[in-house]
Amino acid sequence: MNQKQFACYECDTLITITSINEGEVASCPRCHHHIVDKKYDSINRTLAISGTGLLLFIPATFFPLMSMQLLSVESSASLMSGISALWQTELYLVATLIFLFCVLAPLVKLSAAFFVTLGYKHKRHQHPFYKQLMLFYHHVDSWEMLEVFLIGILVSIIKLKDMADLSFNLGLLCFSAFMLCVLSLKVTLDKQMIWDDLDYEH
C-alpha cells in the first residue's frame, strides 16, 4: 500500500495506515467505519467471475426463461425475444431501456472487469491505456439493472401462476447465475488496490 494517510468518510478523522494484508480491514478508531478493505485474492477471483459471466451471456439472453401453457396454447420467452416483442408493439423506449441496462451494460461491465484483471495479472497496468480502461470501468460500474428485471420476472410469475401452467427453463437458471456474476464484481474487485498501484507508478 502506497498511501499512508486516510480521512474517515464518516467523521473525517485522519488515520495513518502503514500496511494491510489481503482480507484485512482497517477501521476508524473513533467511529469504527471501514476505511480500507483489502479484498482477498481480488484479481484471480474477479477474473474467474467475469469470465464465467461472459460465458453465461449467450444462454442467459437467448435461451427461454420460462414457458407458459394456457388452454392448448404454449409459448416461451427469452430476454431478447421479450425485448423484440416490446419493440414490435411500439414500446420503443421500454425496449431500448431494457436492452441498454439488462443486456448491453452488464456485458460491457463484465468485459471491462475481465480485461482490467487480465491486464493487471499479466503486468500490463503500466500501459497508458490501462488507466483509461479503469476510468471506463468506474463509469459503467453502476449502470446495470439486472436485479430490477429479475424482480419483474418474479412479479410476472406471481400474477400468472393461477392463470396458466408455468415451467422454468434453463435460461432462467443461466440468467440468475449471470446476474450473480455481475453483482459479485462489487464484492471481489479491489479498485483501491489497483488505483494505488497506478498512482504509485505514474
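This is a predicted model: local features need pLDDT of at least 70, side-chain atom pairs count only at pLDDT 80 or more; totals for chains, interfaces and linings use all residues.
User: Which residues that line the second largest pocket are the closest to its centre?
Analyst: The lining (residues with an atom within 4 Å of a point) has 15 residues in the second largest pocket. The closest to the centre are D37, K39, D190, K191 and Q192.

User: Which element gives the most to the lining of the second largest pocket?
Analyst: The lining of this pocket divides into seven nonpolar, two polar and six charged residues (Asp, Glu, Lys and Arg being charged). With four residues, the element that gives the most is strand 4.

User: What is the volume of the largest pocket?
Analyst: The largest pocket is lined by 19 residues, and L65, M66, A77, I153 and S156 lie nearest its centre. Strand 5 (66-70), strand 6 (73-77), helix 2 (79-88) and helix 5 (146-160) each give two or more residues to this lining. Helix 5 provides the largest share, five residues. The lining holds 12 nonpolar, seven polar and no charged residues, and the volume of the largest pocket is about 370 Å³.

User: Which strands stand at the edges, each with a single partner strand?
Analyst: Three strands form an open sheet in the order 6-5-7, with antiparallel pairing (at least two DSSP bridges between two strands). One side of each edge strand is left without a neighbour in the sheet, because each has a single partner; these are strand 6 and strand 7 (165-168).

User: Which residue in strand 7 does S67 stand opposite?
Analyst: Strand 5 and strand 7 run antiparallel and are joined by four bridges. In strand 7, the residue opposite S67 is S167.

User: At what angle do helix 2 and helix 3 pack?
Analyst: The axes of helix 2 and helix 3 (residues 92-121) lie 7 Å apart. Their packing angle, on a scale from 0 to 180 degrees between N-to-C directions, is about 155°.

Key. Residues are numbered from 1 along each chain as its sequence is written. Side-chain values use heavy atoms; hydrogens and water are left out. On a 1 Å grid over the protein atoms alone, a cavity is a set of points where a 1.4 Å probe fits but cannot get out, and a pocket is an open set with protein on both sides within 12 Å along at least five of seven lines; lining residues have an atom within 4 Å of a point. Grid points are joined across faces, edges and corners, and a volume is the space filled by probe spheres set on the points.
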